[in-house]
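Hello,

Here is the structure I promised to hand over. Please open it first, then read my notes below.

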Amino acid sequence: MTFSGALVLTDLNDFITPSQACIKPVEEINKPEVARKEIEPGAAASEIMIDGSGGYYEVSQGVGASGGGKRLEQAQISLNDCLACSGCITSAESVLITLQSHEEVLNFLESNSKEEEGKRKIPVISIAPQVLASLAASISASASSSTTITPQQTLRRLRVFLKQNLGFAHVFDTTFARELALREHVKEFLERREKARRQAESGKENQEPDGKNQYLPMLASACPGWICYAEKTHGEMLPFIANTKSPQQVMGTLVKEWMGTKWGKRPDEIYHVCVMPCYDKKLEASRSDFYNEIYATRDVDCVVTTGELDVVLRDKGWDLSIPVDGEMDIQHELLPELIGHPGTSSGSYLHAIINHLKKTSEKPLELSVKQIRNADYEEYELREESGPVVFKGAKCYGFRNLQNVVRKVGRESGVRVGMGAAGKLGGRMVRKKDKEEGQGHKIEYIEVMACPGGCVNGGGQMKAVGGGEWGEAEVRWGNREWTKRVETVYWLSGNDEQLDPELLREIDGTGLGLRTSYRAVESNVVGLAVKW
Amino acid sequence: MVIDEDFTYSLQSVAELGGHEDRAWHAAWNPKKPILASCSADKSVRLYTYHEDGEGKLSVSFLTSIPTGHTKTVRALAWSPSGTTLATASFDSNIGIWEQELDDDGEPGEWECSGTLEGHETECKSVAYSSNGNLLASCSRDKTVWVWEVVPDSEFECMGVMMEHTQDVKCVSWHPKEEILASGSYDDTIKLYVDDPQDDWYCVNTLTGHESTVWSLAWSPNGNYLASGSDDRTVRIWRRVGQYEFKCVLTLEGHDRTVYSVTWGIGKGKQEDGYLGWIASAGGDGVIRVWELKEHSTSEPLSHKMLTRFTDAHSVHDINTVVWCPRAGYEDLLVSTGDDGVVRVWRVTPVSV
């Protein structure tokens, strides 16, 4: 027996550990009035009472204490607070579930359908290709027939379900948004490379400590787990992280701005749901950067995971293993469908850059790949035929490899690693060592993903189906054999057709904002005097 | 001081080393040179040297103090097997790596920080080098155990981050010959980790039995047993019964309070068949206990004999650490550290009849 993804939240493992305590409520209670009381000698002691309805009251016990007491403000933790802290992402299940869950989506759809004609929002849903691969692998493994269902078939079947049963107006996959993100990513890489080149020519190396001059290596920006971790614990890495939005947020912009304009709808007249392989995508969608203040709406209103979509399918009794009419036909729904991006199943960010460099190079370039320890860390080199290395990039998945990348980038670029005391540690020997390094071609780009195996193995994906078949008595998330299976299925679809240049030109012309920014989160937790 | 009459050994105080301005947490004997290091909540590391005069009398003298630069307590120490590198684990969540610089004349000079290992989110509790010195392990209140590979030029590469314990991890200890790592935790369990050559480090087994926090771990010198000290006031001895299978074969009782530290050395007992060396344990009750262990066959229980016992070793204070000296000829030397900030060196001496 296996559990569906969403049921086994305790298995959730995005490889970033929960913090020990949530600090948010502590920040809220420091009202000046209270502070004054505390410094008065012999001030009345106070006590906190909780009434039947869960309200908190501060009750004074000293002289002149009245019966009522002062109602205290209830400490509240919103998803945005969690994002700003990110300490306990993986443990705050309840927050995630209530604010961005499949139930939230179903509730919206129900109330939306009851609205008057003119007030109804357009419900749109966008599905990541890794989600399709996970569902397809899952159906194929549990179906009696031995045929493998492709992500394309899965998308078609989901489209019928999502439109007919749930009432979505449009069902997209996110590969076209990824295409735009990849183009922007390459563009940003070239910009950074040019700036770094000019900087090197002028002879000024990373002299500004605030990171303004730090361009390379560029680090991928699509993984929200990595972004949260970097903002919280490695602020010195932020200048290196690409400012290009992730495909999810590009899709958000596309739907709310570009399509909205096409449909004559304001952003808040569209309800946009994304289905993602990853829980942290919920946090990404709630970032203030992706909130439209004018219309009080998010670019992506709600994110659900693969496992949560599976729960909806089960609840509604929809069987994805049953074919639907025309599922093999080519369908075009406003956007081209399932565009293949050869490279990695996490989005091919590194390969997009490699392919661009190869395509635009005057001399033919050779690519060599070196795997270090396992498939989660690979170094890629582009060199002119029996000539010099012209580009060096790496793919780095999983928390462990990420640690090494952070150390390496910190060392090579001379920025301080970490927020801890290490800045004070590290004497002459460290500095001496730094100077001796820097031989050979430095890494210019790293495709960083927090999950081992990348996005096909995201924390929100389906659990392995089929028990012992996957080499372990206990089937759990992160099973490598199962991940390989999902990876294989992932590559079964992929449209190689040329993209309509008209469409790209039209989108370019609208000047959609495809960049974002990051902020280091300073922890204000004061370490308690722990004796143990 | 109480010395029971039937004890065949006694614990003789060799030196009482003051100097730490706060609780002394841990101490480590350099495996190659006559150097003893201690660390404290005062954020410093103190180094001592020791030598024997012609009559076998041991004297210990202060060498130098390293003001580390850690912003919080230095909780634990570990020497690399080569004896050239010292690792410090601190509550500031970092690990410091220390090496002695050569001065202009090529003579050993100041102890310098040659690197730091960051990654733990909260207090780092313990640090340990593997037997060949290629790996370094650390653990923390953040519930994780990390394994680092030691690469040239005092650089380190993260090999694994194990998030297996459900609570604070108190200690890590490497098998004396193989690359097997053990960790003890506030979740009352001991976990064992090995490397999957195709993949990452993973937890290969969990030992349950202790009824409270596991504070300290020590492998037997031959690697066939593991000793664990716990808040349940016992020391348990686990026998290796399979590649990664362990079974508790003995529970040593007697401590009235938490056992904070257990150490297993070769000792200077009679090297006959089945001799497993000496175990010393200490903790909240301020008593140091020394046992000799023997195995008769691998199917029978171990036999144990208390060699000696010393009460109020750090007056009324908790004892945080006891460690046997690993150097040949000095196997009867024991160091203890206490909440009184004092580091004491002891010698286990046969009682002359």
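This is a predicted model. I start with one residue, Lys392(A). Is Lys392(A) buried, exposed or partly exposed? Lys392(A) is partly exposed, because 18 other C-beta atoms lie within 10 Å. A buried residue would need 20 or more, and an exposed one 12 or fewer.

Lys392(A) sits in strand S13 of chain A, residues 389-397. Setting aside neighbours within four places in sequence, Lys392(A) is in contact with Glu379(A), Glu381(A), His441(A), Lys442(A), Ile443(A) and Glu444(A). Arg266(A) is 126 residues from Lys392(A) in sequence and 44 Å from Lys392(A) in space, C-alpha to C-alpha.

Next, the sheet. S13 is one of five strands in an open sheet of chain A. The order is S6-S14-S13-S12-S11, and the pairing is mixed. Strand S6 (218-219) and strand S11 (365-372) are the edge strands, each pairing on one side only. S11(A) and strand S12 (residues 374-384) run antiparallel, joined by eight bridges. Val369(A) has Tyr380(A) in S12(A) as its bridge partner.

Last, a pair of helices in chain A. How do H6(A) and H7(A) lie to each other? The axes of helix H6 (residues 129-142) and helix H7 (residues 151-165) come within 8 Å and cross at roughly 95°. H6(A) and H7(A) are therefore roughly perpendicular. From H6(A), Pro129(A), Leu132(A), Ala133(A), Leu135(A) and Ala136(A) take part in the contact. They meet Pro151(A), Thr154(A) and Leu155(A) of H7(A). By class, this contact has seven nonpolar residues, one polar and no charged.

Best wishes

Notes: Residues are numbered from 1 along each chain as its sequence is written. Chains are lettered from A and ligands numbered from 1 in the order in which they are written. This is a predicted model: local features need pLDDT of at least 70, side-chain atom pairs count only at pLDDT 80 or more; totals for chains, interfaces and linings use all residues. Two strands pair if DSSP finds at least two bridges between them. Helices (H or I, at least four residues) and strands (E, at least two) are DSSP runs, numbered from the N terminus. Two residues are in contact if their C-beta atoms, placed from the backbone, lie within 7 Å. Axes are lines fitted to C-alpha atoms, for helices over the stretch in contact, and angles run from 0 to 180 degrees between N-to-C directions. Angles under 35 degrees count as roughly parallel, over 145 as roughly antiparallel, 65 to 115 as roughly perpendicular and the rest as oblique. Ala, Val, Leu, Ile, Met, Phe, Trp, Tyr, Cys and Pro count as nonpolar, Asp, Glu, Lys and Arg as charged, and the others, Gly among them, as polar.
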